[in-house]
Amino acid sequence: MANELFSTFAPILRDLTKSDLLAEIEQPKKLLIASDTIRSRRIDVAYAAFDHVNQDADVVIVGLTPGRQQMRNALIEAQRCLMAGHSDQEAMRAAKIFASFSGPMRANLVAMLDNVGVSTALGLSSTASLWSTDARRVHFTSALRYPVFIDGANFSGSPSMVSIPLLRAQLIQWFATEMAALPKAVFIPLGPKVTEAVETVAKHLGLSTDRVLSGLPHPSGANAERISFFLGRKSRGDLSIKVDPDRLLAARASLDAKIATWP
C-alpha cells in the first residue's frame, strides 16, 4: 500500500493556476479524495500536502485533521516548491513543516509543550525550534492525515471518527501506517478526540499506549480558557462552568508522570 498521495496530485498542482488552486481549496473537486453521507450530512476528504513522514522523529505531535487554513498553506507551499523545480520529496517535506499547526494554535501548542517539560526532555530551550532548526526531531501529523469537511466546514471531531466507516478507514490507512513506522517515538495527541483515535490505532497495531502522552488540551483558540488553566494562568475560581478543572488536573498529573519517565 502506498504511504502517500503526493505523487498522484503533484501533476494537478503543477497545472493549476493560483486562482484555480484557491478555488479548489474552498470547494475541492480535482483534489477530492473521497465522499460519503452520514445522518444527511456530507463528508468530504480532500487532498493537501501532508504526506511527509519523518521516520527519525523522537516525538510525534498529533492533531485532529488539517483545517482549511492548514490545507491552504500546505498546498500553496507545495505548489511553490514544485514550480521552483524541487523534487516531490523536497516539496512534501517543505509543505508539511511550513503548514503543520500553523496559525495562532502554534503559539498555544509551544507554550503547553514547554510548560509540561517536553522541551527539557528533548534538550531544547523551547519546542518552538521544532518548526525550524530542530525539525528533524519531530513529526507533525493528524489522526486524519488529509483534511475532512462536514457540509463544507472543518471537521471538529463529532461524530467520533472511529464510529464513521469512511473516517475510520482513513485513520487506519494513513495514521496506522505512520505509527507502525515510528516504533521508538512518543506520541502526543491533542485533545480527547485525538487521544481516542491514537489509542484505537495503537490497540489495532498491538502497541502499548505507554508511548501515548495524552492530556494536553487542543491548542485551538476556542479552547483558550482550558489552556489558560492548564498553564496556570487562570485560577480555578475564575473558570466558567464550561471547564472541568478536575479533569484537566488529572490529565496534567498523568502527563507529568509519563514525561518524568521519558528517557
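Which strands pair in the antiparallel sense over three bridges? Strand 2 (residues 41-46) and strand 5 (residues 148-150) do. A few notes on this predicted model follow.

1. Ground rules. Residues are numbered from 1 along each chain as its sequence is written, and side-chain values use heavy atoms, with hydrogens and water left out. As the model is predicted, local features need pLDDT of at least 70 and side-chain atom pairs count only at pLDDT 80 or more, while totals for chains, interfaces and linings use all residues.

2. The hairpin. Strands 1 and 2 pair antiparallel over six bridges, with two residues between them and R39 in the turn at a positive phi of about 50°. V45 is worth a look: A34 stands opposite V45, and V148 in strand 5 is the bridge partner of V45.

3. Helix 4. This helix (a DSSP H or I run of at least four residues) covers residues 88-99. A91, M92, A95, K96, I97 and A99 are buried (under 20% relative accessible area, 1.4 Å probe, protein chains only). The buried residues pack against helix 1 (6-15), helix 3 (68-83), helix 5 (105-116) and strand 4 (138-142). Just after helix 4, F101 has a positive phi of about 50°.

Methods
Two strands pair if DSSP finds at least two bridges between them. The expected span of a helix is 1.5 Å times one less than its number of residues. Buried means under 20% relative accessible area, exposed over 50%, partly exposed in between (1.4 Å probe, protein chains only). Contact means heavy atoms within 4.5 Å.
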